[in-house]
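Open the viewer and get ready to click. Each stop tells you what to select and what to look for.

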There are 2 protein chains.
Amino acid sequence: MTAADRVYQIIKKRILDGQYPAGSYVREATIGQELALSRTPIREALRRLVSDGWVEAIPHHGARVVAWTQRDVEEVFELRVLLEPQVVRRAAPRIGAERLATLDDLAERMEALCERGDDASVDEIAQLNNRFHAELVAAADSPRLQRLLETIVQIPVSRRSFHRYTRDELHGSMQHHRELIRALSLGDGEWAASVMRAHILAARAAQLRPAASDEEAREPAFRRRLHRA
Amino acid sequence: MTAADRVYQIIKKRILDGQYPAGSYVREATIGQELALSRTPIREALRRLVSDGWVEAIPHHGARVVAWTQRDVEEVFELRVLLEPQVVRRAAPRIGAERLATLDDLAERMEALCERGDDASVDEIAQLNNRFHAELVAAADSPRLQRLLETIVQIPVSRRSFHRYTRDELHGSMQHHRELIRALSLGDGEWAASVMRAHILAARAAQLRPAASDEEAREPAFRRRLHRA
DNA sequence: TCGAGTCGGATTGCATACAACTCTCCCGTG
DNA sequence: CACGGGAGAGTTGTATGCAATCCGACTCGA
């Protein structure tokens, strides 16, 4: 692995961690000094980050961490609603018993963590969920689809996304996983695709909901409407 | 525009022209000498081409022009069938009269060229067709969707693709354009999406058909079946 | 006081030199 | 004769220095 590769991962991690906040500039010389490298590999890493959409290059002025707007989030979900169902549509006739067992294991571990419900558990669920989706993408066996999703999903949102789920929504998400596994084990791509579509739309709804207080999260508007009825 | 940008376009053009054939290596020093530039901007251009999927980087060994397999073509069509309908689905409620007029003009010019049917006209149709699709993508007003399609479609195939169309198929393609314009002018996104889906699937069928002799192209298998029946 | 021009600092863009790595070919050995 | 090891050439990876460009502040003039 070259130095440029390492720098790429380091900067990416720092963006995700919020160490490089949105809108801030990433200076070649600064990072170079810090990592005891010349500007060359840093330049190369920044170029890759630009083409992956993590930072934007302002000519002769620097590389700035991109700021995500509400519209960006909507665009991404719109594409995920198309692409992620296609992942499982392809995966259904291709997936093997071994991978299904892995998915089953991941689902089980997520459910166990879901029962606890504390913040640390939710973080861990997010990680397992990423692995779950990665397994599905691998089963789909389409390098281009994989690459598209990698460049699109860009966990800056989904990193903390599970924290926006209500307990019911989190539970529903676990149900989706189970149903996906059932559909895939039967080789029913359209069933799996439908579940995945619902899965993504649910995530979208949680994400686009105005940042709710805990109060609102436990007693969302639609439920209040139900109670009044 | 920087030197690296120019090099990027030059190399890309040469790959499309077949000047750099698939599987051949693009040497940094060679191009540098030829363009009287140092390796630095060439390196940068090659990295962009790698991330755009035109060449693949073999660590410490060079950048090789990617070779397209049948499977690659199928993968691309599978994604286009998803993404291009989404383009017009979005475009329908957003497109303005001016752009519709442009599309109409392009369709008309393509039809006129279609009547002639010689090789040069087919080449020109291909260019106009690219502009037609570019207008649609612009109307969709989704930078991410635009970028995805740009990295996916990569005219290495579709460059000569129209030459694989039979006269009937070419005519059908023109019909699709007209129907798209009608649907878009009525703001009917689902209609437009359906037409586009058919449009892409037709292109796929023509593309995946085993390379036909002129004989085969004029008298394809399905037509022979019709005659026997 | 406001505006235009200019100068300075900071940053990226590019050129050049050197280091590290990989592959190949050849030679020696079993 | 087959196989392993090592040297060499060629290519990419990295460091460094200089040039070009951009932004902001300051000064000068109206």
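In which helix of chain A is A:S173 found? Select A:S173: you land in helix α8, residues 167–185. Keep in mind that this is a predicted model.

**Stop 1: around A:S173.** Now show what A:S173 touches, skipping residues up to four places away in sequence: A:F162, A:Y165 and A:H199.

**Stop 2: across to chain B.** Select B:D72. This residue sits in helix α4 of chain B, which covers residues 70–91. B:D72 has a relative accessible area of 16%. Buried means under 20%, so B:D72 counts as buried. Which side chain does the side chain of B:D72 make a polar contact with? Show A:R144: the two side chains meet in a polar contact at 2.9 Å. Leave aside neighbours within four places in sequence, and B:D72 is in contact with A:R144 and B:A67.

**Stop 3: along a helix.** Stay in chain B and select residues 119–140, helix α6. This helix has 22 residues. From first C-alpha to last, α6 reaches 32 Å, close to the 32 Å expected. Colour some buried residues of α6(B), among them B:V122, B:I125, B:N129, B:F132 and B:L136. Residues three or four places apart in an α-helix point the same way, because there are 3.6 residues a turn.

What covers the buried residues of α6(B)? The cover includes α4, α5, α7, α8 and α9 of chain B.

Key:
Residues numbered from 1 in each chain as written. Chains lettered and ligands numbered in written order. Predicted model: local features only at pLDDT ≥ 70, side-chain atom pairs only at ≥ 80, totals over all residues. Heavy atoms only, no water. Helix = DSSP H or I, 4+ residues; strand = E, 2+ residues; numbered from the N terminus. Buried < 20%, exposed > 50% of the residue type's maximum accessible area, 1.4 Å probe, protein only. Polar contact = N/O pair within 3.5 Å; in protein donor to acceptor, adjacent residues only side chain to side chain. Contact = heavy atoms within 4.5 Å. Expected span 1.5 Å × (residues − 1).
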